[in-house]
Amino acid sequence: MRVLLLGANGYLGRFVADRLLADPAVQLTALGRGDDADVRFDLASGSPGALTRFLDAVHPGVVINCAGATRGGARELTRHNTVAVATVCEALRRSGCGARLVQLGCASEYGPSQPGSSTAEDAVPRPGGPYGVSKLAGTELVLGSGLDAIVLRVFSPVGPGTPAGSPLGRLAEAMRRAMQSGDGELKLGGLGVQRDFVDVRDVARAVHAASLSAAQGVVNIGTGRSVKLRDAAAVLARVAGYGGALHELDGPSGLRPGVIGAPRPSADAVLEHLAASPAPYPDGCGSWQQADVRTARDRLGWRPRINLEESLADIWMEAACRI
């Protein structure tokens, strides 16, 4: 099976590439902006015609699009998450290769959801920021393209390679510095949000499964379990061997900051505070997200395998090795 991978140098793309290269039945070609790509091409500025000529020459059976941007202003996000997808769809329509398209979307397309709920694929998307809007526009282009296509809406990916600027990456870096300097306590903020953390290697398995399946439309990729960022912080401290106290700075209104792991305020008080204050997690999804993953199980035969503790241990191993 010939596979063309777009965005092989990105956080998700690197693990997708590793997964595909481990399959002896796959002939992989990587296209991207970096010097180490098999073919250099910028989807945000390149023409559909040029990409069509390349598709006709390589004749892949599957095109996987992991390319995109997670940071920047609205214009940059639109170029990389929407215009680039339009280029891919148009090139595939013009090409005679007849390739299947696997597009990586994200949970930010859904926007905020009701605490305690699981978001299914038929939920009405209401993205809460420019990133989610730009990714949703890309998804709609794929769904309306008439191609043999599937969109994997990935929830909160974690594990090795987690960017240092992400919430869990920043948390690991703060802990590393505290241990390096001998600080007996670590003061942390913005830990009230809950997210469905899924290991990046499980995401790569889902992409592989989607490339082999006949499923179309949108499929959620998550664990089906939402975890408080403060609980993830406590697990990270345990796997790191950090013996100091973790102090949460922004507890519910009217309550003093507390030590993580100590008795907590009521869930109603926490939710009331979160509803009244902006969520610090930078995805525009408010205080809660949790995936309904039944479609991935039923249509792709996929289930997550790697637990959050293992993912956090791998994040810590990388953080601990930084100078």
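Just after helix α2, H59 takes a positive phi of about 55°. The structure is a predicted model, in which local features need pLDDT of at least 70 and side-chain atom pairs count only at pLDDT 80 or more, while totals for chains, interfaces and linings use all residues. Residues are numbered from 1 along each chain as its sequence is written, and side-chain values use heavy atoms, with hydrogens and water left out. Helices (H or I, at least four residues) and strands (E, at least two) are DSSP runs, numbered from the N terminus.

Helix α2 itself covers residues 48-58, and its buried residues are G49, L51, T52, F54, L55 and V58. Buried means under 20% relative accessible area, against over 50% for exposed and partly exposed in between, with a 1.4 Å probe and protein chains only. These buried residues of α2 pack against β1 (2-6), β2 (27-32), β3 (39-40), β4 (62-65) and α3.

A91 counts as buried because its relative accessibility is 0%. Leaving aside neighbours within four places in sequence, A91 is in contact (heavy atoms within 4.5 Å) with P48, L51, T52 and L55. The C-alpha atoms of A91 and G49 are 6.4 Å apart in space, although the two residues are 42 apart in sequence.

Helix α3 also packs on α4, at an angle of about 10° and with the axes 9 Å apart. Axes here are lines fitted to C-alpha atoms, for helices over the stretch in contact, and angles run from 0 to 180 degrees between N-to-C directions. The two helices α3 and α4 are therefore roughly parallel to each other; angles under 35 degrees count as roughly parallel, over 145 as roughly antiparallel, 65 to 115 as roughly perpendicular and the rest as oblique. From α3 the contact takes A74, L77, T78, N81, T82, V85, A86 and C89, and from α4 it takes P130, Y131, S134, K135, A137, G138, L141 and V142. The residues of this contact of α3 with α4 divide into 10 nonpolar, 5 polar and 1 charged. In this division Ala, Val, Leu, Ile, Met, Phe, Trp, Tyr, Cys and Pro count as nonpolar, Asp, Glu, Lys and Arg as charged, and the others, Gly among them, as polar. An α-helix has 3.6 residues a turn, so residues three or four places apart point the same way.

Helix α4 (residues 130-143) has 14 residues and reaches 20 Å from its first C-alpha to its last, close to the 20 Å expected at 1.5 Å a residue; the expected span is 1.5 Å times one less than the number of residues. Its buried residues are G132, S134, K135, L136, G138, T139 and V142. What covers them includes α3 (74-94), β5 (100-106), β6 and β11 (217-221).

Strand β6 (residues 149-154) contains A149, which counts as buried at 6% relative accessibility. Not counting residues up to four places away in sequence, A149 touches R100, L101, V142, A215, Q216 and G217.

Helix α5 (residues 167-181) has 15 residues and spans 21 Å from first C-alpha to last, close to the 21 Å expected at 1.5 Å a residue. Among its buried residues are P167, L168, L171, E173, M175 and R176. The buried residues of α5 pack against β7 (156-158), β8 (185-188), β10 (197-199), α7, β13 (245-248) and α10. Just after α5, G182 takes a positive phi of about 80°.

Helices α7 (residues 229-240) and α10 (residues 308-320) also pack on each other, at an angle of about 60° with axes 9 Å apart. They are therefore oblique to each other. In their contact, A232, V235, L236, R238, V239 and A240 of α7 meet L308, E309, L312, A313 and W316 of α10. The residues of this contact divide into 9 nonpolar, no polar and 2 charged.

Helix α1 (residues 11-21) and α6 likewise pack at an angle of about 60°, with their axes 8 Å apart. Within helix α6 (residues 200-212) is D202, which counts as buried at 1% relative accessibility. Leaving aside its neighbours within four places in sequence, D202 is in contact with W302, P304, R305 and I306.
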